[in-house]
Amino acid sequence: MQQDTLSTAATSAVFSHSSAGKTAAVEFRQVSKSFGPHEVIRNVDLRVDSGEVVAVCGPSGSGKSTLIRLINQLESVSSGEIYIDNQPTRNLKGAALRQLRTHIGFVFQQFNLYAHLTAEDNVSLALIKVHGWNKTQAREKARALLTRVGLGDKAQHYPEQLSGGQQQRVAIARALVTDPGIILFDEPTSALDPEMIGEVLLVMQELAKSGITMIVVTHEMSFAREIADRVIFMDGGEILEQAQPEDFFLRPQHPRAQRFLQKVLFPLHPQSGVAL
Amino acid sequence: MEFDWSVIHDNFTYLLWGRLADGEPGGVLLTLIMAASAGVLALLFGVLMAALAWRFGGWTRKILFIWASFIRGIPLIFVIFWLYFLLPVVFGGSIPGPMTVILALAWFTSAAVMHSTLAGLEALPRGQTEAGIASGMSDGKVLLFVLLPQAWPNLLPSYLGLLISLVKDTSLAFIVNVPELTTVAGQVNNRVQIYPAEIFLLVGLMYYLLCASLAYLAGKSIKRRQGLRT
Amino acid sequence: MNWHPDWAGVLTGQPLQWIISGFLTTLYVSIVGSLLATLLTVLLLALRMSSSRLARGAVAAFVSVFRNTPLLVQLLFWYFAAYGALPQSWRFYIGDNHPWATFPGNIAWLTPEFLCAAWGLALFTAAFLVEEVQAGLNSVPKGQTEAAISQGFSRKTLLLSILLPQALINAWQPITGQYLNLMKLSSLATGIGFSELTYQVSQIESYNAHAFEGFAVGTLLYLALGLILGWLMTAFGPKRPQHRPQVVLKEETRDGV
């Protein structure tokens, strides 16, 4: 128990460090997660290095969304430990947990923008209400970020006036406003019409080059192929294969990975007969 | 503060059914009779108005909505007073008090029934209506056999809520001296004078039991619907 | 039929005085009752959000009792039973004439009838307002709560900056409806001898039998008051941002659990 208190104190000290832009590493050690009797994540070990860009893919129900939701504790682990910058995070509560969360950005499949606020206010709200920034400076920063994602002229628009692709880009700007060290994406393009996927992927590509740690759960194979440093394949709550994108797409090793890729890349030829 | 419940004991049957022996039902019995009668009438009128608004749209719907806001825009007491004076003129003779109150309640509540029914109908996917029409059904048949049966599970909780309001609204008969539960309690209080707390707490409890049971039924009907969904 | 409406019979002299007095009384008791109801609603919501089961249970009991009993019975209780339980010195004080305790138009408010009416109306309406606000809160998509938590918002800031503003926008129409109900239900205070508009209209009926004219004027006044108050609440209340046609999201294809 003494150890826990110490580690909690240490962890909050790390995360209240003023250089908020420091990118962080994430490590899962023997992490399991169950919802009731249903085991969704099974003894997962994983390390994502600082600045790495990782794509997580796999069939429905594989547990990939849950995997990243465990990192910022939208769900809590059933057993095991998650380390962020080598600090354990499982026992963080209250203010320390909120501190941790400000250093992790999260982008949702459904965008989840605050419907009653303009794009600019969406992005600046956390700075004002959680970090105590003054309104003018917060808004300036918000506008700068919106410009960075290509929406400088939409700052005064409300979410319902924006297309899906635009909303998701605002969501990305919102996630970046607190200079997080890690940014997590939960199927960021799955709710978008096809012609809008590109604009979001371009923003994510630019982000990847900036050196931030990125973990992206996605079906978008173009992201995995062209932007990720590493691809992780999950099924049944376990990580079955990890490889560099080239190796993963050309020469998948695990049979389930092979079957998955066959279905995704060649949907009209679900039985392998066409070479990958 | 001391409570003396003997006043309840002495007047209990009067509170429950008034002068039933003399052919004048009162108390809780009359409350129930009035609420049920008004409920049936309100349901008939309300569903009819909703059907008209749904079927014809446009001006018909606008006029019905204006009519509904007019009715609901004046206090129920006024509606009772209006009918109290108008009905004898229309029917050429005096109308029994309870009847006036029932008609007033029905008229007042039918507006709410119309709104709830319309909301329930319009919450259904448009495709349902289109499928019915595409197979050659008349509008009436679509309404009766396709829409209302599907809207019913959603409508039931709303209707029960309106019934609860009706039960409470019967207390307004107090103003025109129709001997339902509240009036009868007021009479007892006037006569006895010194036990108002006991009387009105009991009466409150009786209404509470009535209304809370209806609310419980409404809650159960919502849960049953949700249970069937998954 | 040789009967013609005699508007002069109600729009002059004593009847007119009664109508004006009744109208103002209705207006004032509605305002005071609404203010009280709002304060109570805020208190009840705060209690409901607390971590104490006792507090939450108390709110649930309050809402249940005051929603499932008729307002008239509540008013009769407050006036005939509860008022009598107040300390005698208070009751004597209130019973005295206090020229300072009047609203414009010479409407006295420090009377048992006014106080019991305002109090009774406030408690009754608060029980409904709490549920309307709760419904508004429930209608905010849960995803926004997750987004806020992901950004490190505390529960309190989440409630105040994100959930409550949207709850009020979503529920503003039914909330307005509850306040308008309060105004119309003030007519029930006739039953405790409170001289608001309905009471005064009945007076006119006893005075010169001009029932039709009296009720017509009363009806128009209630309608007008409702329209004006409703318009004010819509004009000054929270509004949805003006918008072009809504973006339609594709069905969620949620992977994982």
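Beyond its neighbours within four places in sequence, A:F28 is in contact with A:V44, A:D45, A:L46, A:L67, A:L70, A:I71, A:E81 and A:I82. In this predicted model, A:F28 and A:I71 are the residues with the most contacts inside the largest nonpolar core, a set of 149 residues. Helix 6 of chain C supplies the largest share of this core, namely 15 residues. Another core, of 52 residues, lies apart from it and includes A:L113, A:A138, A:A142 and A:A175.

The interface between chain C and chain B was examined next. Here, 31 residues of chain C are in contact with 30 residues of chain B. The size of an interface is often given as the accessible area lost when the parts come together. For chain C and chain B, the buried area is about 2,700 Å², with 81% of it on carbon and sulfur atoms. Zero salt bridges are counted between the two chains, while four residue pairs, both members at pLDDT 80 or more, are in polar contact.

On the side of chain C that touches chain B, two or more residues each come from helix 3 (53-67), helix 4 (71-85), helix 6 (112-138), helix 9 (197-208) and helix 10 (211-236) of chain C. Helix 10 of chain C gives the most to this side, with eight residues. By class, the side of chain C that touches chain B comprises 19 nonpolar, nine polar and three charged residues.

Terms used: Residues numbered from 1 in each chain as written. Chains lettered and ligands numbered in written order. Predicted model: local features only at pLDDT ≥ 70, side-chain atom pairs only at ≥ 80, totals over all residues. Heavy atoms only, no water. Contact = heavy atoms within 4.5 Å. Buried area = accessible area lost by both parts, 1.4 Å probe. Salt bridge = Lys/Arg side-chain N within 4 Å of Asp/Glu carboxyl O. Polar contact = N/O pair within 3.5 Å; in protein donor to acceptor, adjacent residues only side chain to side chain. Helix = DSSP H or I, 4+ residues; strand = E, 2+ residues; numbered from the N terminus. Nonpolar A, V, L, I, M, F, W, Y, C, P; charged D, E, K, R; others polar. Core = buried A, V, L, I, M, F, W, Y, C linked by side-chain atoms within 4.5 Å. Buried < 20%, exposed > 50% of the residue type's maximum accessible area, 1.4 Å probe, protein only.
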